[in-house]
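I opened a new structure today and kept notes as I went. Here is what I looked up, in the order I got to it.

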Amino acid sequence: MRLDPRAALALGLLRLCLAQVNFAPHLFDNGVGSTNGNMALFSLPEDTPVGSHVYTLNGTDPEGDPVSYQISFDPSSRNVFSVDPNFGNITLVEELDREREDEIEAIISISDSLNLVAEKVVILVTDANDEAPRFIQEPYIVHVPEDTPPGSSILKVHAVDKDTGSGGSVTYFLQNMQSTKFAMDRHSGVLRLRPGTTLDYEKARAHFVTVVAKGSEVLTVAAMDGDRGKPNHILYSLMSESDGAFEINETSGTISITQSPAQLQREVYELHVQVTEVSSTGSPAAQAIVPVTIRIVDLKNHPPTFYGESGPQNKFEQSLYEHPPQGEILRGLKITVNDSDQGANAKFNLRLVGPGGMFRVVPQTVLNEAQVTIIVENSAAIDFEKFKVLTFKLLAIEVNTPEKFSSTADVVIQLLDTNDNVPKFTSHYYIARIPENVPGGSNVLAVTAVDPDTGPWGEVKYSIYGSGADLFLIHPSTGIVYTQPWASLDAEATARYNFYVKAEDMEGRYSLAEVFITLLDVNDHYPQFGKSIQEKTMVLGTPVKIEAIDQDAEEPNNLVDYSIIRVEPANVFDINAHTGEIRLKNSIRSLEALHNITPNGVYMWSLEVQAKDRGSPSLSTTASLKIDITDTEMLSRSPMDAFLMQTKDNPMKAVGVLAGIMAIIVAITVLISTATFWRNRKSNKVLPVRRVLRKRPSPAPGTVRIEWLKFNRTKAAAKFVLREDAPNGNCNSHSQGSPPPPRAPAPPPPPGMVPRTATAPWTVPTVSGSLSPPQPQCSPKPKALGSPMQSALVAELRQKFEKNNVASKVYF
């Protein structure tokens, strides 16, 4: 259908008018307590967590166009809230603090993209009970006479809570009301002596009382009269469902707690608050009842509780070997700790109280519940020899509560021993002194070693070793050192012994100690004289000395004193008891004096001397001594005279001396002869020996003999015949040339004197030679008769013969 042009124009104008009339959007006013709308009379607790959705802006546009929301703040203030522009959700973005800022001004707006509507709102920040009461003075100290009457006021305490309203009021109560002589007025804070109780100075001189201050107001109920012009007065009251635990201020509507929080028995209290409007005439005009729910977040501020595998437990035990590895967990302790409170009341710390540094506890801070782990911290300190049992207190103490409630559990650790100790001797060395004559098997000393370990690990076995231990044994269990059964100790042979003893446990851990044993000398040796004591020769004025040796090892057993027991024929001697020197008495100065004393005038004296040691008991030895007394004049004689004088009383001594001298001479002669023989034999030749043999003639008349000698002097030499041995022509001889000519023998001695009565024939002396043993024959070299060697030998013999003739002349 086609419109008429007039109708079309009219319709266009109508549309234009409608487009010009666009109504603005608006926010809904939903009243006090609503969480959506225009935020009129909106209040917010200061403890609202940041990020919470606190309100929703809600509005509409008359034309049904979509709307958007905004919120803004004064530039000088904080931007506390943010808004979702499409949905109007307002979120808290800054933390609130009523004590610093109790109200917040904001501008909220709604827009349909053509129209913008803005409103200024004030958001009230309500107080939260976030400040703990604090005592003005702490601690309180008061002196009370012991005769104070019961019920008397003793002290008034005062605490301040910075919170306002219901959170700022404070009530007081005692932490332990059953075990005290005192009572506390919960509103005034006055401490009184309980009725029927008295104080006694002799029994208790001090009393410690813990007062707890808590905020008592819970909340405030607010009611408003609907009449705007002149509202009536409103009164508040509680119905009877509170069990006396709460009360309400009839004019302010503040609900307060009337009991100690520890006495509250229910988790939720459903209260009904009645609001009554009082008319100007004083009569109730209208009434309203509002329900109030009070939830006890913490019915009691419970202390933490320890649990074992079977439930609550306050003692935990475990066995543990000493010196466990560092960081080892005590898995035998199944400990759980729990605090049934909520929030801050459920936060507590764990500590281990006891011998320090051995263990540590994990975790150290707990919220509500945790598995408790105990870890080895110092392995070296966990020593069975120092602690058989380790006892600790596991302490859980609250952190953020005024009461600081705590709980403890005993942790008992039974330590088990290990072989961690070495046997140790009570001394590093032992010293013993024993007599040398102790019998075999005698105890010498006892050594002791201690092993702190228990059981088999603490058993000690002893042994002995070392170069000086051959004569000793040790008992393996008692440590007694004793001599071998066959041992015979002798201080003169070995006076000191040194060896080691060893203490060892069953696993081979050992220690050593050194033993020193000294033998004490026993007087078991007699003094012994030397062999030279039998005879002595004394020169006048000079002493003779005797000496005896005692083989004992120590003084005084080896010190010797001397004495003369008997003297014959008379005692003319003195003896030095210490040195053994024997002297003549001072009155005797010559041999004549001795001659006069003795009846026979002898100089040989017989003595019996004694050597006695100083031991206990003393031992002595006697010996016989002969002393021959002489003087220096006798000693100045020839050696032979002196020898004969010394041996006149002992001829066998002289014979022995002479026999010894002869034996020495014979031995020397034999040695020389033997040496000469072997030397010659080694050279393989014997030199010729020439001898001149002359037969002495019979004496003749002197004249005839002299003349004959004169006549025949020259011819006598010619009658000598020289016989030379064959030259030694040994072919094996390595000598070069002929041996030197032999020397002529010495001429014969002159003839002796003989009587002239008999005349005997006189033969001319001859020269003879001896031959060496036969030698292998070699071709001798021919030698001329008149060789130089032959001529020299003849000349020498002639010369000697002439000398003999001259001697004969003299002889005759």
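**Entry 1: an aspartate to begin with**

I started at aspartate 410, which is found in strand E33, residues 406-416. The model is a predicted one, so I keep that in mind for every value below.

Is aspartate 410 buried, partly exposed or exposed? Its relative accessibility is 23%, and since buried means under 20%, aspartate 410 counts as partly exposed.

Next I asked what aspartate 410 is in contact with, leaving aside its neighbours within four places in sequence. I got Asn314, Lys315, Phe316, Phe392 and Lys393. For Lys393 I found a polar contact as well: its side chain and that of aspartate 410 come to 2.6 Å. Asparagine 314 is 96 residues away along the chain, yet its C-alpha atom and that of aspartate 410 are separated by 6.0 Å.

**Entry 2: another aspartate**

I then went to aspartate 628, in strand E51, residues 620-630. This aspartate has a relative accessible area of 18%, so it is buried. The cut-off is under 20%.

Not counting residues up to four places away in sequence, aspartate 628 touches Lys536, Thr537, Met538, Tyr603 and Met604.

**Entry 3: the whole chain**

I stepped back for the overall numbers. How many helices and strands are there in the protein chain? I noted seven helices and 53 strands. The chain has 812 residues, and 33% of them count as buried.

I also looked at contacts between residues at least 6 apart in sequence: 65% of these join residues at least 24 apart. The accessible surface comes to about 50,100 Å², and carbon and sulfur atoms account for 55% of that.

I picked strand E41, residues 496-504, to see where its side chains go. In a regular strand the side chains alternate between the two faces of the sheet. In E41, Tyr497, Phe499, Val501 and Ala503 point to one face and are buried.

Which strands pair with E41? One of them is E38, residues 461-465, which runs antiparallel to E41 and is joined to it by five bridges. Within this pairing, tyrosine 465 has tyrosine 500 of E41 as its bridge partner.

I also found E42, residues 510-520, paired with E41 in the antiparallel sense over nine bridges. Here the bridge partner of asparagine 498 is phenylalanine 516 in E42. E41 and E42 form a hairpin, with five residues between them. In the turn I noted glycine 508, with a positive phi of about 90 degrees.

**Entry 4: a three-strand sheet**

I looked up an open sheet of three strands and wrote down its order, E36-E40-E39, with antiparallel pairing. E36 (443-446) and E39 (472-474) stand at the edges; each has a single partner strand, so one side of each is left without a neighbour in the sheet. On average, neighbouring strands of this sheet are turned by 25 degrees against each other, direction ignored.

For a closer look I took E36 and E40 (residues 480-483), which pair over three antiparallel bridges. Asparagine 443 stands opposite tyrosine 482 in E40.

Most residues other than glycine have a negative phi, and most peptide bonds are trans. I went looking for exceptions to both.

Serine 113 has a positive phi, near 80 degrees, and is not a glycine. I placed serine 113 in the loop between strand E9 (103-111) and strand E10 (116-126). This serine is exposed, with a relative accessible area of 68%.

Histidine 323 also has a positive phi, about 55 degrees. The loop it sits in lies between strand E26 (315-321) and strand E27 (335-338). At 29% relative accessibility, histidine 323 counts as partly exposed.

Then I turned to cis peptide bonds. Valine 362 and proline 363 are joined by one, with omega at about -5 degrees. Proline 363 is in the loop between strand E29 (359-362) and strand E30 (365-367).

The bond from glutamate 555 to proline 556 is cis too, with omega near 0 degrees. I found proline 556 in the loop between strand E46 (548-549) and strand E47 (560-568).

Terms used
Residues are numbered from 1 along each chain as its sequence is written. This is a predicted model: local features need pLDDT of at least 70, side-chain atom pairs count only at pLDDT 80 or more; totals for chains, interfaces and linings use all residues. Side-chain values use heavy atoms; hydrogens and water are left out. Buried means under 20% relative accessible area, exposed over 50%, partly exposed in between (1.4 Å probe, protein chains only). Helices (H or I, at least four residues) and strands (E, at least two) are DSSP runs, numbered from the N terminus. Two strands pair if DSSP finds at least two bridges between them. Contact means heavy atoms within 4.5 Å. Accessible areas come from the Shrake-Rupley method with a 1.4 Å probe; for residues, only the protein chains shown count as cover. Axes are lines fitted to C-alpha atoms, for helices over the stretch in contact, and angles run from 0 to 180 degrees between N-to-C directions. A polar contact is a pair of N or O atoms within 3.5 Å; within protein, one must be able to donate a hydrogen and the other to accept it, and residues adjacent in sequence count only if both atoms are side-chain atoms.
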